[in-house]
Structures are given as structure tokens and as C-alpha cells.
Amino acid sequence: MNFIQTEIEGVVVIEPRIFPDPRGCFFESYRKDFFRQNGIPDDFVQDNNSVSARGVLRGLHFQIEPKAQAKLIRVVRGSVYDVAVDLRQGSKTYARYFGTVLSGENRKMLYIPKGFAHGFCVLEDETEFFYKCSEFYSPEHERGIIWNDPEISIAWPRLDCDFILSEKDCHYPTLKNFGRMAKS
């Protein structure tokens with residue numbers, strides 16, 4: 001596996017080593033010892049899958065302490081534009097994001113540590129999205145930032161359709177307003 005540090009400290013793109021043969025291919029998508037040797041010490045406790053249509057936008061989601069989650073993300077089928085937003089107070093990259101295309105074809109994975117919001121835009125119909133979490137889902141610790149926050153200014157892909165969002169994702173606060181709410 002190739003572990004590539006992004007411009008945002010802690011966010012890592014992982015390229016698995018693919019072993020093709022006449023039957024198809026094989027690759028390891030997770031191996032705890034390799035991850036630890038490359039600075040990813042998390043113990044993952046929950047796996048999640050979603051299948052989405054083209055144009056679905058999910059996010060920007062995160063959980064607060066003591067239930068904050070690190071995530072290891074990959075796409076099994078189809079493709080997404082995947083985004084991690086730095087919410088770590090005092091970080092030199094606070095409010096900046098990293099985005100990349102993950103697909104069943106490129107088989108890249110994205111590691112997002114605790115302290116980040118996460119979202120993705122689905123680029124193909126029937127895209128199957130898979131991720132590991134370092135903490136169990138906890139509704140009372142779940143939070144979000146609005147997907148189109150002007151301060152973060154994510155360059156979401158331009159599709160020939162409107163984004164499809166959940167009601168909840170349409171009503172999250174901006175990062176600035178979330179910060180105000182957290183202080184009160």
C-alpha cells in the first residue's frame with residue numbers, strides 16, 4: 001500500500017497494491033499493521049455502506065467528543081467526489097478542505113482523522129460507498145456544517161442535475177454559526 005499525506009495534516013490517500021490475474025484482481029483494503037506503521041493508529045469498530053444515485057450529496061457530517069470518529073473511506077462501485085474539512089481548533093489548515101475522486105475503478109481510499117467534517121457528491125448512479133469508523137454512531141454527538149458554506153467554499157463538481165440532499169443536510173449551520181452555537 002502507498003500512503004500519501006495530503007496538504008492537510010492527518011488526511012491520507014491510500015493506494016492499495018492491486019494483484020490482477022485472468023480471474024480479476026485481489027487487493028488488501030485494510031491491514032492494521034501497515035496502517036499503524038504509516039501513522040494511522042485507529043481501531044475501527046463499525047463498517048457502513050450506502051448506495052446512492054448520481055447527484056446525491058451527503059454531508060458535511062461529524063461527531064463531537066467524546067464520540068468523534070476517524071473514517072477510512074472507499075468506493076466499491078461507481079464514483080464520488082469526497083471531501084474532508086478541517087475543524088480542529090488551532091490547526092493551521094482550519095476551515096480548509098481536501099477533496100478527491102474515489103471510485104471502484106481507481107480503488108483509492110481516504111483516511112480522515114477525528115476533528116474533520118466529511119461529505120461526498122455521487123458522480124455515478126448506483127454508487128456503493130463503504131467506510132470504517134473508529135467510534136460507534138451516536139445520534140446525540142452527531143453534528144454538521146452546511147454543504148455550501150461560503151467560508152469553506154468547496155468546489156463541488158458541476159453536474160447536469162441538481163444535488164439531492166436530505167432535509168437534515170439542507171439545514172445545518174455555517175461553520176461561523178456553528179462556532180457561535182458551540183460557545184453559547
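Two strands pair if DSSP finds at least two bridges between them. Strands (E, at least two residues) and helices (H or I, at least four) are DSSP runs, numbered from the N terminus. With those terms in hand, let us walk through the structure. This is a predicted model, in which local features need pLDDT of at least 70 and side-chain atom pairs count only at pLDDT 80 or more, while totals for chains, interfaces and linings use all residues. Residues are numbered from 1 along each chain as its sequence is written, and side-chain values use heavy atoms, with hydrogens and water left out.

The β6 and β13 (residues 142-144) strands run antiparallel and are joined by 3 bridges. With β11, the pairing of β6 is also antiparallel, over 4 bridges. Buried means under 20% relative accessible area, exposed over 50%, and partly exposed in between (1.4 Å probe, protein chains only). In β6, 5 of the 7 residues are buried, so the strand is largely enclosed by the rest of the structure.

A nonpolar core is a set of buried Ala, Val, Leu, Ile, Met, Phe, Trp, Tyr and Cys residues joined through side-chain atoms within 4.5 Å. In soluble globular proteins, nonpolar side chains tend to be buried together. The largest core here has 19 residues, and L60, V85, I145, I152, I154 and W156 have the most contacts inside it. Two or more residues come from each of β6 (57-63), β8 (79-86), β11 (116-122) and α3 (175-183). A second, separate core has 18 residues, among them I8, V56, A84 and F129. Which residues does I145 touch, not counting those up to four places away in sequence? They are G59, L60, F62, I152, Y172, P173, T174, L175 and F178, where contact means heavy atoms within 4.5 Å.

Next comes the loop between β6 and β7 (71-77), where Q69 is placed. Is Q69 buried or exposed? At 10% relative accessibility, Q69 counts as buried. A polar atom of the Q69 side chain lies 2.9 Å from the backbone oxygen of E135. Leaving aside residues up to four places away in sequence, Q69 touches Q63, I112, P113, K114, C133, S134, E135, F136 and Y137.

Now turn to the open sheet, where 6 strands pair antiparallel in the order β1-β2-β10-β7-β12-β5. At its edges stand β1 (2-5) and β5 (46-52), each with a single partner strand, so one side of each is left without a neighbour in the sheet. For β1 that partner is β2 (residues 12-15), joined to it by 4 bridges, and N2 has E15 as its bridge partner there.

Finally, have a look at the aromatic rings. Rings of Phe, Tyr and Trp (its six-membered ring) pair if their centres lie within 6.5 Å; planes under 30 degrees apart count as stacked, over 60 as edge-to-face and the rest as tilted. The structure holds 9 aromatic pairs. In one of them, the rings of Y30 and F44 have centres 5.6 Å apart and planes at 85°, so the pair is edge-to-face. Y30 sits in the loop between β4 (24-26) and α1 (32-37), and F44 in the loop between α1 and β5, 14 residues apart. Y30 is partly exposed, with a relative accessible area of 25%, whereas F44 counts as buried at 17%. Ring pairs link F3, Y30, F35 and F44 into a cluster.

Terms used:
Polar contact = N/O pair within 3.5 Å; in protein donor to acceptor, adjacent residues only side chain to side chain.
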